[in-house]
Amino acid sequence: CFTIIHNRNNINAMKNKMFTNRQLGRLILPLLVEQLLVMLVGMADTIMVSAAGEAAISGVSIVNDVNNLIISILTAIAGGGSVIVTQYLGNKDEENTKLSASQLLMISFVISLVFGILCVAFHSVILHALYKSIEVDVMNSASVYFWITALSFPFLGVYNSSAALYRSMNRTNTTMRVSILMNVINVVGNFICVYLLHMGAAGVAWPTLASRVVAAIVMLALCFDSEAPISVVWKDILTWNQTIINKILSIAIPNGIENGLFQLGKVIVSMFVATYGTMQIAANGVTNSLCVLCYTTEMAMQLAVVTVVGQCVGANDYDQARYYIRKMLIMAMVMAVINNVIIFVVSPFALQLYTLKNETLAITETILDMECLAVGLFHVLAFVLPTCLRAAGDAKYTMDVGVLSMFFARVAGAYILGTVMGLGVVGTRIAMYIDWIVRIVFFAIRYKSGKWTQYRAIE
């Protein structure tokens, strides 16, 4: 894997680099803050709802697995559109840059609206089909939380796409500020609805909806700034340009399939966990809410590399693309190690924020320690590297590897280790780490081969 980030060519001698260190810093640092705040939204929900009991925690946890399936598809659409927009921006094609931005917003809203309507209408059917064996009080909490959060999907689709456009033009300070606003609304709303009004799972669902509505409105309004390098107009939003949409979907569909099946695999694993009892479900849910902090730096770097690599590929400069891929992978690996060492040290104190039984707490501590070690070692090359390949247009290969590894390594491994061998949630985590290692092998081979340079998404 070290061959990915080392090369004998003196790339540092390149002239006219597209991004200086200062520009990279201005791009990445706000993304780090933004992603940290995004992660804290989920943590705040779980911490505060724990006051309502382990049934409420478990209900929120299993719904988040389902919600993340939908959210991953919406994120894939935004990501696919941002690749096209970024490549046009790097190619200095102003007309197609703005047209593709407008079309991205349109298609994101339509798809997210469909998902929202279906999930609200069939929330009970979906949950009973997936989680037949969970206890009644867990199901009741899950049902309420699901239909309320599903109302936010259309707004989340608009927010994701609008924020992706701002990241594409390096204006990450703006998305960071909006993320701060979302967190304030969510946390204050949670406090009022859970602690003062005692609304249980609904008490963390309504503030989530409110925060996404406000964020969508703010980001959409900002996207109409005609002076910005990337902006949108109603005329282009309300039209259907098949050529641009095909380009967006050429990245979004493979990415969406990969992300969607990735989350589906996690839902299947959560179905295994649901048979282990409320204690392990709760431990898994609390761990998931804390473990997101382990991925904060990598999530920020995944967003950053789309902007950087996309613009390099749009300019048809693959030497610079290779240089920035290696550079940003090194940065991501260093940040991941530092981040997870900090989390390992502070996690015992963080767990005191949750209201858990001793047995549940012990399981949670074990999983969290495993996660910090595995993320620090493997996660960057397993997920940031394929994002670089997608930013260059090589989306189908990453989809194929991601889907096959998910089902043959993670899902099958989780069943064998967790259910058959009786390791419970610990076994499901070990299977996940095996999945990461498989991904690294195949993505490293792809990068080394150079075939990813043949998939530029624009003419």
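Is Val420 buried or exposed? Val420 is exposed, because its relative accessibility is 55% and the cut-off for exposed is over 50%. This residue lies in helix α16, which covers residues 395–420. Its C-alpha atom is separated from that of Gly79 by 38 Å. Along the chain, Val420 and Gly79 are 341 residues apart. The model shown here is predicted, and every value below is computed from it.

Start with the whole chain. It holds 17 helices and 0 strands. The radius of gyration is 21 Å, close to the 23 Å that the globule rule gives for 459 residues, so the chain is as compact as a globular protein of that length. Along the principal axes, the C-alpha atoms fill a box of roughly 60 × 50 × 35 Å.

Of the 459 residues, 59% are buried. The accessible surface of the chain comes to about 18,400 Å². Carbon and sulfur atoms account for 67% of that surface. Take the contacts with a separation of 6 or more: 87% of them join residues 24 or more positions apart.

Ala76 sits in helix α3. Its relative accessibility is 0%, so Ala76 counts as buried; the cut-off for buried is under 20%. Which residues does Ala76 touch, leaving aside its neighbours within four places in sequence? They are Ala252, Asn255, Gly256 and Asn259. Ile251 also belongs in this picture. The C-alpha atoms of Ala76 and Ile251 are separated by 8.3 Å, and the two residues are 175 residues apart along the chain.

Thr172 is the second example. Helix α8 holds this residue. Thr172 is buried, with a relative accessible area of 0%. Leaving aside its neighbours within four places in sequence, Thr172 is in contact with Arg26, Leu27, Pro30, Leu31, Tyr166 and Arg167. Now compare its position with that of Cys372. Thr172 and Cys372 are 200 residues apart in sequence. In space they are 27 Å apart, C-alpha to C-alpha.

Now turn to the empty space. Rolling a probe the size of a water molecule over the atoms shows where such space is left. The largest pocket holds about 220 Å³. Its lining is made up of Met18, Tyr88, Leu89, Gly90, Lys92, Asp93, Glu94, Thr97, Met169, Asn170, Pro229 and Gln311. By type, these residues divide into 5 nonpolar, 4 polar and 3 charged. Which helices supply at least two residues each? They are α3, residues 54–90, and α4, residues 94–121. Of these, α3 gives the most to the lining, with 3 residues.

Two loop residues of this lining deserve a look. Lys92 is one of the lining residues, and its place is in the loop between α3 and α4. Its phi is near 60°, a positive value in a residue other than glycine. Is Lys92 buried or exposed? Lys92 is exposed, with a relative accessible area of 75%.

Asn170 is another residue of the pocket lining. Its loop runs between α7, residues 153–168, and α8, residues 172–196. Asn170 also has a positive phi, about 70°, although it is not a glycine. At 27% relative accessibility, Asn170 counts as partly exposed. Helix α8 is also where Thr172 is found, and Thr172 is buried.

Finally, consider the closed spaces. How many cavities of 30 Å³ or more are there? The count comes to 2. The second largest cavity has a volume of about 30 Å³. Ser61, Ile62, Asp65, Ser270, Val273, Ala274, Ile281 and Asn284 line this cavity. Two or more of its lining residues come from each of α3, α11 (242–274) and α12 (278–291). By type, the lining divides into 4 nonpolar, 3 polar and 1 charged.

Technical notes:
Residues numbered from 1 in each chain as written. Predicted model: local features only at pLDDT ≥ 70, side-chain atom pairs only at ≥ 80, totals over all residues. Heavy atoms only, no water. 1 Å grid on protein atoms, 1.4 Å probe; cavity = no way out; pocket = protein on both sides within 12 Å on 5 of 7 lines; lining within 4 Å. Points joined across faces, edges and corners; volume = space filled by probe spheres on them. Helix = DSSP H or I, 4+ residues; strand = E, 2+ residues; numbered from the N terminus. Nonpolar A, V, L, I, M, F, W, Y, C, P; charged D, E, K, R; others polar. Rg over C-alpha atoms; globule rule 2.2 N^0.38 Å. Buried < 20%, exposed > 50% of the residue type's maximum accessible area, 1.4 Å probe, protein only. Contact = heavy atoms within 4.5 Å. Areas by Shrake-Rupley, 256 points an atom, 1.4 Å probe, with all protein chains shown as cover.
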